[in-house]
Amino acid sequence: MASRIPPLSPKEWPKAMKAALAALTPAHPRHPLPERRDDRPKGLNILGTLAHHPELATAYHTFNGHVLFGSTLDLRTREVLVLRVAAVRGCEYEWLQHAVMAIDLGLTPSEIERIGEGPDAEELAPLDAALVRAVDELLADAEIGDATWTALAAELDQRQLMDLVFTVGAYDALAMAMQSFGIEIDDDLAAHADSVPPLP
């Protein structure tokens, strides 16, 4: 699909986008902010699209900033959840972006492939299987089933379970936006396509 809302270049961004970008950093982050590296995708197409509506960008980034940097979930768990959302929704942009991030965090291409395959994939670790199943249940029924909840509650505390549900919701909303707006994959993101497993 061609872009329905063409992204603005950084030079065209309104001044209010400065506050929108700042909103990604919570006041008291639990997780380190990413290093600025020239070899990592910058996400300019999604940011440039959001630049058309900086008030919305600020609101979403405040939420997403918690998911990225303030969540009680560890970073690996977050990426398992986001990758599964991307796989279920068929969102290539989200999949590529977070497969690169997952590899940076130490997930292997084989682990990423198994997340894409689903909760019954062979050799999927038990907690990963429960996380993947939780995503599938949330996206299908808007509710984690009892058996999956019991499996997760054996490993995660109440705040982590709450962050899990909101992480899935945040990235489901983003997948909807990416798909509906026709956000095209940036060149610097496409350059990583051969180094990560493809969207299943």
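In which helix is the place of Phe166? Select Phe166 and you land in helix α9, which covers residues 158-181. Keep in mind throughout that this is a predicted model.

**Stop 1: the patch**

**Stop 2: along α9**

Go to the start of α9 and show side chains. A side-chain oxygen of Asp157 comes to within 3.1 Å of the backbone nitrogen of Arg159. Then jump to the other end. Gly182 follows α9, and its phi is positive, near 70°.

Next, pick Leu161, also in helix α9. Is Leu161 buried or exposed? Its relative accessible area is 5%, so Leu161 is buried. Show what surrounds this side chain. Leaving aside neighbours within four places in sequence, Leu161 is in contact with Trp149, Leu152, Ala153 and Leu156.

For a sense of scale, draw a distance from Leu161 to Leu21. The two C-alphas are 27 Å apart in space, and the residues are 140 apart in sequence.

**Stop 3: Asn64 in α3**

Select Asn64, which has its place in helix α3, residues 54-70. Asn64 counts as buried because its relative accessibility is 6%, and the cut-off for buried is under 20%. Which residues does Asn64 touch, not counting those up to four places away in sequence? They are Leu24, Ala170 and Tyr171.

**Stop 4: salt bridges**

Switch to charged side chains. Side chains of opposite charge can pair when their charged atoms come close. The count here comes to eight salt bridges.

Begin with Asp172 and Arg89. The closest N and O atoms of this salt bridge are 2.7 Å apart. Asp172 lies in helix α9 and Arg89 in helix α4, so the pair ties together parts that are 83 residues apart in sequence. Colour the two by accessibility. Asp172 is buried, with a relative accessible area of 10%. Arg89 is partly exposed, at 33%.

Move on to Asp136 and Arg84. Their side chains meet in a salt bridge of 2.7 Å, N to O. This pair also links distant parts of the chain: Asp136 is in helix α7 (residues 126-141), Arg84 is in helix α4 (residues 75-89), and they are 52 residues apart. How exposed is each partner? Asp136 has a relative accessible area of 22%, so Asp136 is partly exposed. Arg84, at 9% relative accessibility, counts as buried.

Now select Arg78 and Glu79. Their salt bridge has its closest N and O atoms 2.7 Å apart. Both Arg78 and Glu79 are buried.

Finish this stop with Arg76, Glu111 and Asp128. Show the three together: they are linked in a network of salt bridges.

**Stop 5: the loops**

Most residues other than glycine have a negative phi, and most peptide bonds are trans. With that in mind, select Glu123. This residue sits in the loop between α6 (109-117) and α7. Glu123 counts as exposed, at 67% relative accessibility.

Then take Ala142, in the loop between α7 and α8 (146-153). Ala142 counts as exposed, because its relative accessibility is 65% and the cut-off for exposed is over 50%.

End on Glu155, in the loop between α8 and α9. Glu155 counts as exposed, at 54% relative accessibility. Show its contacts. Leaving aside neighbours within four places in sequence, Glu155 is in contact with Leu127 and Gln160.

Methods: Residues numbered from 1 in each chain as written. Predicted model: local features only at pLDDT ≥ 70, side-chain atom pairs only at ≥ 80, totals over all residues. Heavy atoms only, no water. Helix = DSSP H or I, 4+ residues; strand = E, 2+ residues; numbered from the N terminus. Buried < 20%, exposed > 50% of the residue type's maximum accessible area, 1.4 Å probe, protein only. Contact = heavy atoms within 4.5 Å. Polar contact = N/O pair within 3.5 Å; in protein donor to acceptor, adjacent residues only side chain to side chain. Salt bridge = Lys/Arg side-chain N within 4 Å of Asp/Glu carboxyl O.
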